[in-house]
Amino acid sequence: MASVAADLVVVGGGLAGMAAAIRAAEQGLKPLVIEQGSDAAYLCNSRITIGVFQVALHDMLGSADSLVKAIDAATHNYVAADLRDAYAAGAEPALRWLFSLGIRTISGGHATRSLATLAPPVPRQPGLHWQGRAGDVMLRTLTAKLEALGGSLRRGLRARELIIENGRCVGVVASAGEETHRLEARGVVIADGGFQANDDLLRRFVSKHPERLLQRNARTGRGDGLMMAEAAGAALTDMECFYGHVQSRDAMKNPSLWPYPTMDFPISAGLAVDASGKRFTDEGLAGVSVANAMARLDDPLGCVAIFDSAIWDASAKTYVMSANPFLTQSGGTAHRANTVAEAATLAGVPGEAVAQTVKQYNEAVAAGTLSSLDPPRSADTGHPWGSKAMPIATAPFYAVPLCAGITYTMGGVAVDPSARVLHKSGAPIGGLYAAGAAIGGLEGGPVVGYSGGLAKALVFGKIAGESAARDIKGA
Ligand SMILES: Cc1cc2nc3c(=O)[nH]c(=O)nc-3n(C[C@H](O)[C@H](O)[C@H](O)COP(=O)(O)OP(=O)(O)OC[C@H]3O[C@@H](n4cnc5c(N)ncnc54)[C@H](O)[C@@H]3O)c2cc1C
């Protein structure tokens, strides 16, 4: 077993890991990033990202107060105040620091508002197009910066186990093919990107049928960090929720149908029904919440979006690579018929049951009693990724088979505002930090509030690097 010493070992070369390592190097440490991918352009969510920097869909350069309010509104006050405040206060300095490292953004890009979006932006085409764009350029720039500061990135090394001595993390055991490496360090940052690509962990926390979820991600987040931390006694938090979108069921087989278009907008203006033809969640909470509700069903692949041509011509045209026209242009199925029952039957759900569901819904829209439906339905949450409830009344009617796309898991190891991993006892585990999609505590809750993937990686990656440098230099 080879032994390598570094000041700080960072597990994962996505945005969170690179931010932690660069910040630590700026403060005088010699960090080593280990990355399981062996290609120069190893895949990860940070590389294939669309690249919109936002906190709860708000501008990271806005005031900390405005971001506190945005996080509270998105999560219905779910996030603990100390973590929320650290996130909100750290957003603007972190984004300005990223700019100082040579990362360029444009205003707007794929967002509906003028949010900082990585340049050059990914093209407005269905399917993934990351090469030479957005996250790919960002990671290449950050790697060069890390090396210029005396840090290093070693590809093809997969972390397997934390080395814990006297309750403190003093390194990592990693594998490279058949070889095992013992990497001794004075601190370790877990930044492995979440557990969305680990079916066993998904089955344990998220869905009875993980194989019936769309992997709307790079498939590199396998929960290694979570399992290593759990074995070391770390507390886990918010494990049930994920960030993702509702997609055409055809996306399970057709890569042109993810990450966009999503079906979020037509659903939040109309309805989603399960395999029995009944509603199962509040569609007004928008796509991230609906995708989570779908994943919890006995059959996550049994759901169908139901709406009419007025919605198809309005809400379905909203947002980047909108469902209308990209769903059908990219080969996705949209059943159309002159009655709701016919359209539903074509989509494989019981027509009469769906017609009855739509009748009750239309009556509630007209009477203003949507909140009395079972389950209750919001009329208009004002969610940036949602629409107000509309009647389903204008032929032709649409039925679109759906799947739930999982981008990253929102839950993970519990951390304090200094990104120190917390033991189940509530005390920090010495020498152990975590950032990005590997951590929980910043999003989720009953309405599955989303507070930002890139922002969470950047802000807490930077905090982790600063904390590690402070602790290691002060030791
Ligand atoms: C299609 C798509 C679009 C997105 N668009 C946006 C957007 O516009 N805005 C936004 O805010 N968020 C967006 N996100 C989410 C955002 O990109 C991620 O949340 C963020 O990049 C996560 O960064 P990370 O560093 O935590 O994880 P990652 O970028 O996934 O990096 C983790 C790294 O750890 C490595 N790793 C894993 N296990 C090990 C191990 N055992 N040993 C060593 N290495 C390991 C992985 O290979 C990977 O390289 C998008 C995601 C996707 C997939």
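1. With 475 residues, a compact globule would have a radius of gyration near 23 Å, and the protein chain has 22 Å, so the two agree. Note that this is a predicted model. Along its principal axes, the C-alpha trace of the chain spans about 70 × 45 × 40 Å.

2. The secondary structure of the protein chain consists of 14 helices and 18 strands. Of the 475 residues, 58% are buried. Among contacts in the chain with a separation of 6 or more, 74% are between residues 24 or more positions apart.

3. Which residues of the largest nonpolar core touch the most other members? This core has 166 residues, and the ones in question are V9, V189, V304, I306, V413, A434 and A435. Helix α14 (residues 453-474) gives the most to the core, with 10 residues. Domain 1 (2-239 + 410-474) and domain 2 (244-406) both give residues to this core, so the core lies between them.

4. Leaving out residues up to four places away in sequence, I306 touches G270, L271, V273, V340, A344, V354, V358, I392 and A399.

5. Helix α9 (residues 287-296) has 10 residues, and nine of them are buried, so the helix is largely enclosed by the rest of the structure. The buried residues are G287, V288, S289, V290, A291, N292, A293, M294 and A295. An α-helix has 3.6 residues a turn, so residues three or four places apart point the same way. What covers the buried residues of α9? The cover includes strands β11 (242-248), β12 (271-273) and β15 (397-409), together with helix α8 (264-269).

6. Is strand β2 (residues 31-35) mostly covered or mostly open? The strand is mostly covered, since five of its five residues are buried. P31, V33 and E35 point one way from β2, while L32 and I34 point the other way, and all are buried.

7. Strand β2 also has a partner: four bridges join β2 to strand β5 (residues 152-155), and the two run parallel. In this pairing, L32 stands opposite S152 in β5.

Conventions: Residues are numbered from 1 along each chain as its sequence is written. This is a predicted model: local features need pLDDT of at least 70, side-chain atom pairs count only at pLDDT 80 or more; totals for chains, interfaces and linings use all residues. The radius of gyration is taken over C-alpha atoms; the globule rule is 2.2 Å times the number of residues to the power 0.38. A residue is buried if 20 or more other C-beta atoms lie within 10 Å of its own, exposed if 12 or fewer, and partly exposed in between; C-beta atoms are placed from the backbone. Two residues are in contact if their C-beta atoms, placed from the backbone, lie within 7 Å. Two strands pair if DSSP finds at least two bridges between them. A nonpolar core is a set of buried Ala, Val, Leu, Ile, Met, Phe, Trp, Tyr and Cys residues joined through C-beta atoms within 7 Å. Domain bounds come from an automatic or database domain assignment.
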